[in-house]
Amino acid sequence: MKLGIHHTPGTFSDRWIAYCQANGITFKIVDCYATDIIKQLEDCDALCWHWHHADEKAVLFARQLTYSLEAQGKKVFPDSATGWHFDDKVGQKYLMEALGAPMVPSYVFYDKKEALEWLDTTTFPKVFKLRGGAGSSNVKLVKDAGAARRLVNRAFGRGFAARDRFSRFNDGIWRFKRDKNFAAVTGIFKGLARIFIPTSFEKMHGREKGYVYFQEFIKANNYDTRIIAIGRKAFAIRRYNRKGDFRASGSGVIGYEKELFDERCVRITFDLAAQLPSQSLALDFIFDEKNDPLIVEMSYGFSIQVYDNCTGYWDQDLNWHAGPFVPQHFMIDDLMAEITADKMIAT
Ligand SMILES: Nc1ncnc2c1ncn2[C@@H]1O[C@H](COP(=O)(O)OP(=O)(O)O)[C@@H](O)[C@H]1O
Ligand SMILES: [Mg+2]
């Protein structure tokens, strides 16, 4: 058995490689961006590639490469069912509606007239989102029909930058208020520079336009709950809102104690992961007026160090296993188990 690992320092692959080395798991480093990647993987049973939604090259072909390898009978992390909806909130809306997952009511329009007509019949506030983006960067509160109309006009006009430039600057200011240290000061300057210098993702991606996406605003949440299920294990963080803001993700103010988590969210995450089926499913939850959990969005990837402080994980029977763990190891264990199971069926 041999794994092909695409290595990008700072991503899951750091830990995948260390784990394989420490446990005598055979692997080779491959280059997914090379034209001969299929050939490079000829002697491998699986590909592990932690591609990021802001990697403008990866998003051009990661899904296509994944599907092609699956057609060949190979395993991939993330596989198609795990990764296709990543950074695509519009795709996630259909998926969760189709599977009956408890999602915040969401609306998408591809026609300006229809969108404007809907605005006349609906209530405010609503939440406006672009289909992509993380850390709350493309998420806005829309207070009234006038503000919504301006967004609709823009969505069917010049569109939006794929990543909101001012949001990074505002987040820099928020971090300065939060941390008041040197790193926070440099963060403000970086955010300021980003207003003028677009990222390579923005330059290559083109503008977001031709659709508009709104969600019901679920008020009175001062945190969100993120549950991540990897195979039969799940873990969680609570993210508190930025001060004076309805948005939690990207605030960097995080709680880890087990008591902070509503186990209904864990159950929903395991169940949806099984339905998809997903190798790695992160769900962000908020709570409605009746205190029932609602999913805001889903992802396959997540930032790495943040979860090192998790105090334990749940198994599928919701038993709690206290102590440190490395989620990236779970991914390799699950993949190896899948490959072994396939080989047993084949023989
Ligand atoms: N419909 C909503 N009602 C109330 N708060 C929301 C809603 N959608 C998102 N939020 C808040 O905004 C944050 C960012 O939204 P999310 O859709 O998760 O975008 P991102 O991909 O940037 O994390 C969430 O962490 C949550 O706190
Ligand atoms: Mg989120």
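Visitor: Which residues lie nearest the centre of the second largest pocket, and how many residues line it?

Guide: The lining of the second largest pocket has 17 residues, and those nearest its centre are Gly231, Arg232, Ser278, Gln279 and Asp334. This is a predicted model, in which local features need pLDDT of at least 70 and side-chain atom pairs count only at pLDDT 80 or more, while totals for chains, interfaces and linings use all residues. Residues are numbered from 1 along each chain as its sequence is written, chains are lettered from A and ligands numbered from 1 in the order in which they are written, and side-chain values use heavy atoms, with hydrogens and water left out.

Visitor: What makes a space a pocket and not a cavity?

Guide: On a 1 Å grid over the protein atoms alone, a pocket is an open set of points with protein on both sides within 12 Å along at least five of seven lines, whereas in a cavity a 1.4 Å probe fits but cannot get out; lining residues have an atom within 4 Å of a point. The second largest pocket holds about 420 Å³ of space, and strand S9 (223-230), helix H11 (263-275) and H12 each give two or more residues to its lining.

Visitor: How many cavities of 30 Å³ or more are counted, and what lines the largest?

Guide: The count comes to one, and the largest cavity has a volume of about 30 Å³, a volume being the space filled by probe spheres set on grid points that are joined across faces, edges and corners. Its lining consists of Phe77, Ile230, Gln279, Met331, Asp334, Leu335 and Glu338, with helix H12 (residues 327-346) giving the most, namely four residues.

Visitor: What coordinates the magnesium ion (ligand 2)?

Guide: Asp284 (OD) and Glu297 (OE) coordinate the magnesium ion at 2.1 Å, which meets the donor rule of N, O and S atoms within 2.8 Å of the metal (3.2 Å for Na, K and Ca); water is not among the atoms, so sites may look incomplete. Asp284 belongs to strand S12 (residues 280-287) and Glu297 to strand S13 (residues 293-299), so the pair ties together parts that are 13 residues apart in sequence. Asp284 and Glu297 are both buried.

Visitor: What is the strand order in the open sheet of four strands, and which are the edge strands?

Guide: The order is S5-S8-S6-S7, with antiparallel pairing, and the edges are strand S5 (106-109) and strand S7 (139-142), each pairing on one side only. Strands (E, at least two residues) and helices (H or I, at least four) are DSSP runs, numbered from the N terminus. Within this pairing, Val108 stands opposite Tyr213 and Tyr107 opposite Phe214.

Visitor: How many bridges pair S6 with S8, and how many residues of S8 are buried?

Guide: S6 and S8 pair in the antiparallel sense over four bridges, with Lys129 opposite Tyr213, and S8 is mostly covered, as four of its five residues are buried.

Note on methods: Two strands pair if DSSP finds at least two bridges between them. Buried means under 20% relative accessible area, exposed over 50%, partly exposed in between (1.4 Å probe, protein chains only).
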